[in-house]
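Dear colleague,

I am passing on the structure we spoke about, together with a short account of what I found in it. Please have the model open while you read.

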Amino acid sequence: MSIARLDAETESVSFTDLSRNPKGVAARAAALGRLRVTHRDAPDMVLTTAVRAEGAEENLTTASRLFLALMKQDDGARALLLALPEVFPWARHLDAEEVRAFTVELLEALSDAAELGAGEAVHRTVVSWRATARINADPEQLRESLRPLDGDDLGQVEVRG
(Lines give C-alpha, C1' and ligand atoms only; values in the text may rest on other atoms or scores of the structure.)
Protein backbone atom coordinates (compact mmCIF):
# COMPACT_ATOMS: atom_id res chain seq x y z
CA MET A 1 0.00 0.00 0.00
CA SER A 2 1.31 3.41 -0.90
CA ILE A 3 0.72 6.41 1.31
CA ALA A 4 0.96 9.82 -0.35
CA ARG A 5 3.46 12.01 1.43
CA LEU A 6 4.85 15.45 0.89
CA ASP A 7 8.50 14.48 0.92
CA ALA A 8 11.86 15.12 -0.68
CA GLU A 9 10.43 14.24 -4.12
CA THR A 10 8.18 17.31 -4.01
CA GLU A 11 9.76 20.22 -5.80
CA SER A 12 10.74 23.09 -3.58
CA VAL A 13 11.81 26.71 -3.60
CA SER A 14 13.25 28.81 -0.85
CA PHE A 15 11.28 31.45 0.99
CA THR A 16 13.71 33.95 -0.51
CA ASP A 17 12.75 32.79 -4.01
CA LEU A 18 9.09 33.32 -3.10
CA SER A 19 9.72 36.83 -1.79
CA ARG A 20 11.84 37.80 -4.83
CA ASN A 21 9.58 36.28 -7.51
CA PRO A 22 6.09 35.69 -6.13
CA LYS A 23 4.38 35.54 -9.54
CA GLY A 24 6.88 33.03 -10.91
CA VAL A 25 6.70 30.85 -7.80
CA ALA A 26 2.89 31.00 -7.77
CA ALA A 27 2.78 29.99 -11.44
CA ARG A 28 5.13 27.07 -10.74
CA ALA A 29 3.01 25.95 -7.79
CA ALA A 30 -0.14 26.10 -9.91
CA ALA A 31 1.53 24.11 -12.70
CA LEU A 32 2.88 21.45 -10.32
CA GLY A 33 -0.18 21.32 -8.05
CA ARG A 34 1.88 21.99 -4.96
CA LEU A 35 5.28 23.39 -4.16
CA ARG A 36 7.25 23.18 -0.92
CA VAL A 37 8.55 26.51 0.32
CA THR A 38 11.59 25.97 2.52
CA HIS A 39 12.49 28.44 5.23
CA ARG A 40 15.73 28.40 7.14
CA ASP A 41 14.25 29.71 10.39
CA ALA A 42 10.72 28.30 10.27
CA PRO A 43 8.86 25.15 9.25
CA ASP A 44 8.46 24.52 5.54
CA MET A 45 5.17 25.55 3.94
CA VAL A 46 3.26 24.16 0.98
CA LEU A 47 1.94 26.43 -1.71
CA THR A 48 -1.00 25.04 -3.66
CA THR A 49 -4.14 26.18 -5.41
CA ALA A 50 -7.39 26.62 -3.50
CA VAL A 51 -9.08 24.14 -5.87
CA ARG A 52 -6.52 21.47 -5.04
CA ALA A 53 -6.75 22.13 -1.28
CA GLU A 54 -10.55 22.06 -1.40
CA GLY A 55 -10.42 18.79 -3.35
CA ALA A 56 -8.18 17.24 -0.70
CA GLU A 57 -10.59 18.36 2.03
CA GLU A 58 -13.53 16.92 0.10
CA ASN A 59 -11.67 13.62 -0.33
CA LEU A 60 -10.96 13.41 3.40
CA THR A 61 -14.59 14.17 4.25
CA THR A 62 -15.86 11.54 1.81
CA ALA A 63 -13.47 8.86 3.11
CA SER A 64 -14.23 9.71 6.72
CA ARG A 65 -17.97 9.48 6.19
CA LEU A 66 -17.60 6.22 4.27
CA PHE A 67 -15.54 4.62 7.05
CA LEU A 68 -17.98 5.80 9.72
CA ALA A 69 -20.88 4.32 7.73
CA LEU A 70 -19.00 1.02 7.37
CA MET A 71 -18.35 0.94 11.11
CA LYS A 72 -22.11 0.95 11.72
CA GLN A 73 -22.55 -2.35 9.84
CA ASP A 74 -21.28 -5.65 11.24
CA ASP A 75 -19.55 -6.72 8.01
CA GLY A 76 -18.06 -3.27 7.49
CA ALA A 77 -16.79 -3.06 11.05
CA ARG A 78 -15.29 -6.53 10.76
CA ALA A 79 -13.56 -5.54 7.49
CA LEU A 80 -12.12 -2.38 9.06
CA LEU A 81 -10.87 -4.31 12.08
CA LEU A 82 -9.20 -6.87 9.81
CA ALA A 83 -7.66 -4.17 7.60
CA LEU A 84 -6.19 -2.13 10.45
CA PRO A 85 -3.10 -4.35 11.03
CA GLU A 86 -2.31 -4.14 7.32
CA VAL A 87 -2.33 -0.35 7.44
CA PHE A 88 -0.61 -0.22 10.85
CA PRO A 89 1.57 -3.37 11.16
CA TRP A 90 2.41 -2.56 14.79
CA ALA A 91 -1.29 -3.07 15.65
CA ARG A 92 -0.52 -6.80 15.94
CA HIS A 93 0.76 -5.94 19.43
CA LEU A 94 -2.69 -4.72 20.47
CA ASP A 95 -5.26 -7.14 21.85
CA ALA A 96 -8.68 -7.44 20.21
CA GLU A 97 -10.31 -4.85 22.47
CA GLU A 98 -7.45 -2.40 21.92
CA VAL A 99 -7.71 -2.85 18.12
CA ARG A 100 -11.43 -2.11 18.34
CA ALA A 101 -10.83 0.96 20.52
CA PHE A 102 -8.06 2.17 18.18
CA THR A 103 -10.33 1.75 15.15
CA VAL A 104 -13.17 3.70 16.74
CA GLU A 105 -10.85 6.45 17.99
CA LEU A 106 -9.12 6.68 14.59
CA LEU A 107 -12.42 7.00 12.73
CA GLU A 108 -13.61 9.66 15.17
CA ALA A 109 -10.33 11.55 14.72
CA LEU A 110 -10.65 11.32 10.93
CA SER A 111 -14.17 12.69 11.24
CA ASP A 112 -12.90 15.56 13.39
CA ALA A 113 -10.18 16.27 10.82
CA ALA A 114 -12.69 16.26 7.99
CA GLU A 115 -15.58 18.06 9.63
CA LEU A 116 -13.75 20.41 12.02
CA GLY A 117 -10.35 20.85 10.42
CA ALA A 118 -8.76 19.23 13.48
CA GLY A 119 -6.14 17.23 11.58
CA GLU A 120 -3.82 16.96 14.56
CA ALA A 121 -6.33 14.58 16.18
CA VAL A 122 -5.44 11.84 13.67
CA HIS A 123 -1.73 12.19 14.35
CA ARG A 124 -2.27 12.14 18.13
CA THR A 125 -4.42 9.01 17.87
CA VAL A 126 -1.89 7.10 15.77
CA VAL A 127 1.06 8.19 17.93
CA SER A 128 -0.77 7.26 21.15
CA TRP A 129 -1.80 3.81 19.96
CA ARG A 130 1.64 3.13 18.46
CA ALA A 131 3.12 3.90 21.90
CA THR A 132 0.68 1.42 23.46
CA ALA A 133 1.72 -1.21 20.91
CA ARG A 134 5.40 -0.50 21.62
CA ILE A 135 4.84 -1.05 25.34
CA ASN A 136 2.84 -4.24 24.65
CA ALA A 137 5.64 -5.53 22.39
CA ASP A 138 8.27 -5.22 25.13
CA PRO A 139 7.56 -7.59 28.05
CA GLU A 140 9.65 -5.51 30.46
CA GLN A 141 7.89 -2.25 29.56
CA LEU A 142 4.52 -3.97 29.75
CA ARG A 143 5.30 -5.40 33.19
CA GLU A 144 6.48 -1.97 34.38
CA SER A 145 3.38 -0.24 33.01
CA LEU A 146 1.11 -2.67 34.87
CA ARG A 147 2.99 -2.35 38.16
CA PRO A 148 0.88 -0.94 41.00
CA LEU A 149 1.86 2.53 42.12
CA ASP A 150 1.95 1.60 45.81
CA GLY A 151 3.83 4.20 47.79
CA ASP A 152 4.23 6.54 44.84
CA ASP A 153 2.41 9.54 46.24
CA LEU A 154 2.62 12.20 43.59
CA GLY A 155 0.88 14.77 45.75
CA GLN A 156 -2.38 16.63 45.48
CA VAL A 157 -3.83 17.22 42.03
CA GLU A 158 -5.42 20.55 41.27
CA VAL A 159 -8.50 20.34 39.08
CA ARG A 160 -9.18 23.41 37.01
CA GLY A 161 -12.65 24.04 35.66
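**Tryptophan 90 and its surroundings**

Tryptophan 90 has a relative accessible area of 15%, which places this residue under the 20% limit, and it is therefore buried. Please bear in mind throughout that this is a predicted model. If neighbours within four places in sequence are left aside, the contacts of tryptophan 90 are Phe102, Val126, Trp129, Arg130 and Ala133.

**The nonpolar cores**

The largest nonpolar core has 18 residues, and those with the most contacts inside it are Leu84, Phe88, Trp90, Leu94, Phe102, Leu106 and Val122. At least two residues of this core come from each of helix H4 (74–87), helix H5 (96–116) and helix H6 (120–137), and H5 gives the most, with seven residues. There is also a second, separate core of five residues, which includes Val13, Ala29, Leu35 and Val37.

**The aromatic pairs**

In one of them, the rings of tryptophan 90 and phenylalanine 102 have their centres 5.4 Å apart and their planes at 35 degrees, so that the pair counts as tilted. This pair links distant parts of the chain, since tryptophan 90 is in the loop between H4 and H5 while phenylalanine 102 is in helix H5, 12 residues apart. Phenylalanine 102 has a relative accessibility of 0% and so counts as buried.

In another pair, the rings of phenylalanine 102 and tryptophan 129 have centres 5.9 Å apart and planes at 40 degrees, so this pair is tilted. Because phenylalanine 102 lies in helix H5 and tryptophan 129 in helix H6, the pair ties together parts that are 27 residues apart in sequence. Tryptophan 129 is buried, as is phenylalanine 102. Taken together, Phe88, Trp90, Phe102 and Trp129 form one aromatic cluster.

**A buried glutamate**

One further residue may interest you, namely glutamate 98, which has its place in helix H5. Glutamate 98 is buried and yet has no salt bridge, and the nearest side chain of opposite charge, that of arginine 100, is 12 Å away. Which residues does glutamate 98 touch, not counting those up to four places away in sequence? They are His93, Trp129, Thr132 and Asn136, and Trp129 is also a member of the aromatic cluster described above.

With best wishes

Conventions:
Residues numbered from 1 in each chain as written. Predicted model: local features only at pLDDT ≥ 70, side-chain atom pairs only at ≥ 80, totals over all residues. Heavy atoms only, no water. Core = buried A, V, L, I, M, F, W, Y, C linked by side-chain atoms within 4.5 Å. Buried < 20%, exposed > 50% of the residue type's maximum accessible area, 1.4 Å probe, protein only. Helix = DSSP H or I, 4+ residues; strand = E, 2+ residues; numbered from the N terminus. Contact = heavy atoms within 4.5 Å. Lys, Arg positive; Asp, Glu negative; His and termini not counted. Salt bridge = Lys/Arg side-chain N within 4 Å of Asp/Glu carboxyl O. Phe/Tyr/Trp six-rings, centres within 6.5 Å; stacked < 30°, edge-to-face > 60°.
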